[in-house]
Amino acid sequence: MSEDVQGWLTPRAVAAEAGVSQEFDLSQCVREPIHLLGGVQSYGALIAARWDDAVVDTVSRNTAEVLGRAAGQLLGRPVTELIGDEQWAQARESAEAVTDSGTVAPQEGPAPSGVLPLTLEGAGGARLFDVTVHRNGDLLVLEFEPRSEDGPFVFQNFYPRVRRALQKLQGADDVTECCAAAVREIRVLTGYDRVVAYRFDGRDGPGQVIAETCGEGREPWLGLWFPATDIPPQARRLYARNWIRVIGDVDDRTAGLVPAVREETREPLDLSASVLRTVSGYHLEYLRNIGVASSMSVSLLHEGELWGLIACHGDDPRRLSPEVRAACEFFGIALSLQLAAVAGREEADELARNRRALATLLARLTSWAPDALMRTGSGLAELLDADGAVLLRGTEMSVAGAPLPEALPGLLARLAQDGAVGEVWSSDRLPEVLGLGPEEAEAEGVPAGLLLLPFNRDGDLLAWWRRERPAPREWAADPSRPVRTGPGGERLTPRGSAAVYRATVRGRSAPWTPVQRVVAGELWREVSGLLARQVVALEARNTELARTNEDLDSFAHAAAHDLKEPLRGISNAAAFIVEDAGAVLDTTSLRRLTTVRRLAQRMDGLLDSLLHFSRLGQVGLEREALSVDEVLDDALVVAGGRLAEQGVTLVRRAALPRLRADRERLREVLENLLVNAAKYAADEGAGDRRVWVEAVRIAAPGRVPEEGAGEGDGADGSAVTALVVRDNGIGIPAGQQADVLQLFRRLHRRDERGGGSGVGLAVVKRIVERHGGRLWLESPAAAPDAGCGGGPGTAVWFTLEEPPEGRP
């Protein structure tokens, strides 16, 4: 932490503080209209004349001292009385030439202006002025600066220094080296005592000194961060509109404007493009507090945005001639272009690397995209230097890289609703976006960085996330206390290396680069195209599959119906032969005829089963709200006798729920399962034979709940009702559970365990799937309660999901 800041105040700073009000309101500094301060620096004078008739509209009060003509003598009179018609014409031509040269309009970028020499005749003889002109609506603004006493500016003497400086810039390999070269050369060009390059962290963020050159014995600022409040938003806007800003003397007495408020606008003259514009009292105080008597700022722009500044500080008042300012402005433009070139080169290299990685990733997308994207080693997370990636499609979520942060699924659903399809959304400070502090975000499992791409309006998306990366920073002042109490009350805090505040920035990840956003967009286009093609192919396959199923159902129905008649004939013929000629046939022939009749009857039973199975795919379901207990009672009318024959007891542990289902089909399901439980009961002597029927709320179909699982236990917060018919019979080996669900498959010979055709479980499975549900088996299963005894048993689980709205 810093020492007492009062120890850093010089006598000059103490006097400056004593001369201002005792209370400091930072919000006033942020709101201050610095382009409408109504004055100019007093070493020069300003005249604003109407473009059409040259009549003076506004003047500075110091024209008598600077120009030899009082403000009252100029206001409302033609400016040509002061500068003559020829020089007025030159001023207009200069402004028109600058405006027509293709410079960006003042509202959109650096303001255009031109400089020309003008001569004024007076009692003391001719006087030379450097006049900066710019167009301001219907006014032509002329800013007069007395020609420097150092003699005329000689371009040939100045140009070699500028050229050498630019050559050094071109040889820089990165942004930091480029800025280091720039500050050295600008200090040589201008003679300031300290020159620093200052880069902003985002449009409205704080800034860091990334390059510096200064005289011996001065406190180093290199690497220090300065709070965002040091340069408020309105100042940043003006820096973006003006390449250069010079303050000749922080103790200069401002020359006010006449009139103070223009009648046409009811505001002071807009001085956004003025080179002589006066300075905010807040900024002057800031400069005094750090011992600066004069300053110059050169704007550094990137793609029209303020990227940073070259800030120059002098220990003594210093005026720069228009030519030197023009050279520094030119240098600022060249530096901005060079920084853009360096950044462009770095981005091009990064883009080439990332596109190679993207090409490798896309080569794997020849099959089902989610599997290829999310499998281990796919490189999806590494593609954007992320900690993890997640693909969300419907209710399915696939994760690559590190485990998914706890709060991320819910956040993705929220953010995807606001994002445009195919448009990259990213943040390297997600907790701040959500209004969370770093500790709160960490406790809730919110990542620091997120980049997402919505695939559609249904919530399907691809996203990358990053963990928090705490960044240590050294501040030139406590960023949480931009003002502190000094001898003159609450004042802007003096800056200096001995007033360093060390703090760690939390709640942020590494920033997402423009290249990473581009690569993410390219991946989105490839995956979207692949998924669209897969949707089309899947729809075609589903259509073909539906047609094939219809054909198979029709074939099974026709085959079963048409084959039954010949079988009846075969069975009847065999019966007639036995009846009519049984007395004359030998024993072997009678046995064979009996076998023919028995096989025909069995075939007839199989065809009946096949006919019933095929009808299940054609007959519509009649869903209704029903009591499962009542349906179970109906099933016992048929199955109860079989249970009693085998000595199997039915157990209902609790009342069964009400569901929406087809009553007859659900009865058939329960009937088949109860009959199977009777067939495959435990052998005699193995203990009580029981079958349990119960309903359980589970997290998701196919996942048996743990003990105590209840509603809402699923990962997605949903739960469904599953019915389970559980016995303590002989059980089904795990390797054969899939077989018993197939048509005409039995695990025993047909004359064992009560016989049968092997159709029952296949019918059950088809009915469940017609309801939109799912069926699965468990065996061996733990005994449901103490003392039940018996074998390992079998549990048949099934759900009866509601169909999508609008479907039968």
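The model is predicted: local features need pLDDT of at least 70, side-chain atom pairs count only at pLDDT 80 or more, and totals for chains, interfaces and linings use all residues. Residues are numbered from 1 along each chain as its sequence is written, and side-chain values use heavy atoms, with hydrogens and water left out.

**Cores**

A nonpolar core is a set of buried Ala, Val, Leu, Ile, Met, Phe, Trp, Tyr and Cys residues joined through side-chain atoms within 4.5 Å. Buried means under 20% relative accessible area, exposed over 50% and partly exposed in between (1.4 Å probe, protein chains only). The largest nonpolar core has 38 residues, and Leu666, Leu670, Leu673, Leu775 and Phe798 have the most contacts inside it. Elements that each supply at least two residues of this core include helices H18 (628–646), H19 (663–679) and H20 (760–770), and strands S26 (689–698) and S29 (795–799). Helices (H or I, at least four residues) and strands (E, at least two) are DSSP runs, numbered from the N terminus. H19 gives the largest share of the core, eight residues. Not counting residues up to four places away in sequence, Leu673 touches Val725, Leu761, Val764, Val796 and Phe798; contact means heavy atoms within 4.5 Å. Another core, of 32 residues, lies apart from this one, with Ala172, Tyr192, Val246 and Ile310 among its members.

**Helix pairs**

Axes are lines fitted to C-alpha atoms, for helices over the stretch in contact, and angles run from 0 to 180 degrees between N-to-C directions.

| Pair | Angle | Axis separation |
|---|---|---|
| H7 (residues 175–190) and H10 (residues 322–362) | about 170° | 10 Å |
| H18 and H19 | roughly 20° | within 8 Å |

H7 is therefore roughly antiparallel to H10, a term for angles over 145 degrees, while those under 35 count as roughly parallel, 65 to 115 as roughly perpendicular and the rest as oblique. Among the residues making this contact are Cys178, Ala182 and Glu185 of H7 and Phe331, Leu335 and Gln338 of H10. The contact residues of H7 with H10 comprise 12 nonpolar, two polar and two charged. Here Ala, Val, Leu, Ile, Met, Phe, Trp, Tyr, Cys and Pro count as nonpolar, Asp, Glu, Lys and Arg as charged, and the others, Gly among them, as polar.

H18 and H19 are roughly parallel to each other. Residues of H18 including Leu632, Leu636 and Arg642 meet residues of H19 including Leu666, Leu670 and Glu671. That contact has 12 nonpolar, one polar and seven charged residues.

**Alanine 180**

Ala180 lies in helix H7 and counts as partly exposed, at 22% relative accessibility. Its C-alpha atom is separated by 6.6 Å from that of Glu212, 32 residues apart along the chain.
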